[in-house]
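Let's walk through this structure together, one region at a time.

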Amino acid sequence: MPRIDNDIKLDFKDVLLRPKRSTLKSRSEVELLRSFTFRNSKQSYHGIPIVAANMDTVGTFEMARALSKFSLFTAIHKHYTLEQWKEFAVDNPDCLQNIAASAGTGPSDLERLTAILELLPDIRYICLDVANGYSEHFVELVKAVRKRFPDHTIMAGNVVTGEMVEELILAGADIIKVGIGPGSVCTTRIKTGVGYPQLSAVIECADAAHGLKGHIMSDGGCTCPGDVAKAFGAGADFVMLGGMFSGHSQCGGATIEKDGKKYKLFYGMSSETAMKKHAGGVADYRASEGKSVEVEFKGDVESTIRDILGGVRSTCTYVGAAKLKELSRRTTFIRVTQQLNTLFN
């Protein structure tokens, strides 16, 4: 029999952070750098844990170059050739500490991933990415990759519930990607009726992961710097962004001109656009679970990075967190029916 969970689940739009007394004089005093040691790889991380998504329009080498200057991280998409990887590594050796090589569950994915990591031993992060992290096949893949690369840090997902976070950590993953359906170009919730409000997913999954000394990455649902701050406040160790990093000079995808304005094409990796580009089309047994949009061209991503980091620093000053590490401990969410004044929206 079907059952209904009557506990209220919330999204970023359903809450605001309550301000608290603070001794901070300026947002410049806030430390955003985090240091982690991962449960399974035993590897150490030091940086600002904001991550460009491994979408072929966002997780590009150009994006990695830009984000690395600010100590941010990029999950590189899985469609670059070995030769392109080699060229990037030669030209940008300093970026290799701040990137992950990505793979799905396709038969050639593990072969390609292995070739990249054998060619470039300085890359220490792996992003195993599927739409449905609940399949037994995916758990077995995580186990196989952990066995093959015992010292690499593995990001794996996506899931939205604590028990699956625990299973993937015990299978060998270090950072669990949390989010089903919240992305700006994801249509999973419309096509399948499956999903989980992102704020509640992050709170519950962080609780499960931290109990095992694992980590989580909130993936999807952020529309503005305030949402990034809410994800960290909810307990996310990392926050992955797709739509917020779209439309920039460093993005892949076609540039389109309309009525004297420039746009960049941005699409979900389960969209018809992506599947035509990389798989020859949508297989007849499935539906597209992503859409394509034209994002107005935003120029260099540097201004967006500064806007996000400035917003999160400001959040920390409002709640009295001198370090990003302290933000979740200083967070009290209040439920709201209106997020902001929309007079000029």
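On one side of helix α3, Glu111 and Glu118 are exposed, where exposed means over 50% relative accessible area, buried under 20%, and partly exposed in between, with a 1.4 Å probe and protein chains only. Before going further, please note that this is a predicted model, in which local features need pLDDT of at least 70 and side-chain atom pairs count only at pLDDT 80 or more, while totals for chains, interfaces and linings use all residues. Residues are numbered from 1 along each chain as its sequence is written, and side-chain values use heavy atoms, with hydrogens and water left out. Helices (H or I, at least four residues) and strands (E, at least two) are DSSP runs, numbered from the N terminus.

Which residues of α3 are buried? In this helix, which spans residues 109-119, they are Asp109, Leu113, Thr114, Ile116 and Leu117. These residues cover an arc of only 165° around the axis, so they sit on the same side of α3; the arc is that of the directions from the helix axis to the C-beta atoms. As background, an α-helix has 3.6 residues a turn, so residues three or four places apart point the same way. The cover over the buried residues of α3 includes α2, β6, β7 (125-129) and α4 (136-148), with contact meaning heavy atoms within 4.5 Å.

Now turn to helix α1, residues 61-68. Here 6 of the 8 residues are buried, so the helix is largely enclosed by the rest of the structure. The buried ones are Phe61, Met63, Ala64, Ala66, Leu67 and Ser68. They pack against β4 (50-52), β5 (73-76), α2 (82-91), β6 (99-103) and α10 (302-319).

Leaving out residues up to four places away in sequence, threonine 304 touches Met244, Phe245 and His248.

**A buried glycine in a loop**

Next, find glycine 220 in the loop between β10 (215-219) and α8 (225-233). Is glycine 220 buried or exposed? With 12% relative accessibility, glycine 220 counts as buried. Its contacts, again not counting residues up to four places away in sequence, are Phe12, Pro182, Gly183, Gln198 and Met240. Between glycine 220 and proline 182 there are 5.1 Å in space, C-alpha to C-alpha, although the two are 38 residues apart in sequence.

**Charged pairs**

Side chains of opposite charge can pair when their charged atoms come close. Counting a salt bridge as a side-chain nitrogen of Lys or Arg within 4 Å of a carboxyl oxygen of Asp or Glu, the model has 12 salt bridges.

One of them joins glutamate 204 to lysine 9, with the closest N and O atoms 2.9 Å apart. Glutamate 204 belongs to helix α7 (residues 198-211) and lysine 9 to the segment before β1 (15-17), so this pair ties together parts that are 195 residues apart in sequence. Both partners are partly exposed: glutamate 204 has a relative accessible area of 29%, and lysine 9 has 23%.

Another pairs aspartate 174 with arginine 146, whose closest N and O atoms are 2.7 Å apart. Aspartate 174 lies in the loop between α5 (162-171) and β9 (175-178), and arginine 146 in helix α4, so the bridge ties together parts 28 residues apart in sequence. Aspartate 174 is buried at 0% relative accessibility, and arginine 146 is buried at 12%. Besides Arg146, the residues that aspartate 174 touches include Phe38, Asn40, His152 and His215, not counting residues up to four places away in sequence.

Lysine 258 and glutamate 294 form a salt bridge too, the closest N and O atoms being 2.8 Å apart. This pair links distant parts of the chain, with lysine 258 in strand β12 (residues 255-258) and glutamate 294 in strand β14 (residues 292-296), 36 residues apart.
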